[in-house]
Amino acid sequence: MNNKAIHIIRFFLLILSQVLVFNNLNFLGFINPMIYILFLNWYPVKQNRAVFIGLSFLLGLSIDFISDTLAINAAAIVTIAYLRPTIMRFCFGA
């Protein structure tokens with residue numbers, strides 16, 4: 001498999017696992033784990049940034065449509081994707 005196919009498979013597996021498994025888990029009654037954010041860590045740093053932000057938006061929007069959360073996840077994941085280079089430089093130096 002090539003690299004793009006692996007990213008596409010991860011994208012859909014994260015959506016499915018979030019919707020089918022982790023949205024049904026509740027810690028202390030109301031806290032849901034957000035596993036789909038792993039997409040931000042697994043996406044390569046050297047790839048096109050605009051594509052990364054667009055994919056992050058699609059990921060967050062698909063989670064929002066399925067979970068009925070009014071674009072909160074999309075806004076959060078796009079913000080994190082936009083700030084990712086700054087966060088990486090702060091944590092790891094460059």
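Helix α1 passes α3 in a right-handed crossing (right-handed if the near helix is turned clockwise from the far one by less than a right angle, left-handed if anticlockwise). This is a predicted model, where local features need pLDDT of at least 70, side-chain atom pairs count only at pLDDT 80 or more, and totals for chains, interfaces and linings use all residues. Residues are numbered from 1 along each chain as its sequence is written, and side-chain values use heavy atoms, leaving out hydrogens and water.

Back to that helix pair: α1 and α3 (residues 49-67) pack at an angle of about 25°, their axes 10 Å apart. That makes α1 roughly parallel to α3 (angles under 35 degrees count as such).

Now look at the surface. Ile9, Leu13, Leu16, Leu20, Val21 and Leu25 form a nonpolar patch there, with about 530 Å² of accessible area together (patch residues have over 30% relative accessible area and no salt bridge, and nonpolar side chains are joined within 5 Å). One of them, Val21, sits in α1 (residues 3-22). With 43% relative accessibility, Val21 counts as partly exposed (buried is under 20%, exposed over 50%, partly exposed in between, with a 1.4 Å probe and protein chains only).

Next, follow the chain out of α3. Most residues other than glycine have a negative phi. Asp68, in the loop between α3 and α4 (72-92), has a positive one, near 60°. Asp68 is exposed, because its relative accessibility is 64%. Ala71 lies in the loop between α3 and α4 too, and its phi is also positive, near 65°. At 37% relative accessible area, Ala71 is partly exposed.

Note on methods:
Patches are made of residues with over 30% relative accessible area and no salt bridge: like charges are joined within 9 Å, nonpolar side chains (Val, Leu, Ile, Met, Phe, Trp, Tyr) within 5 Å. Accessible areas come from the Shrake-Rupley method with a 1.4 Å probe; for residues, only the protein chains shown count as cover. A salt bridge is a side-chain nitrogen of Lys or Arg within 4 Å of a carboxyl oxygen of Asp or Glu. Helices (H or I, at least four residues) and strands (E, at least two) are DSSP runs, numbered from the N terminus. Axes are lines fitted to C-alpha atoms, for helices over the stretch in contact, and angles run from 0 to 180 degrees between N-to-C directions. Angles under 35 degrees count as roughly parallel, over 145 as roughly antiparallel, 65 to 115 as roughly perpendicular and the rest as oblique.
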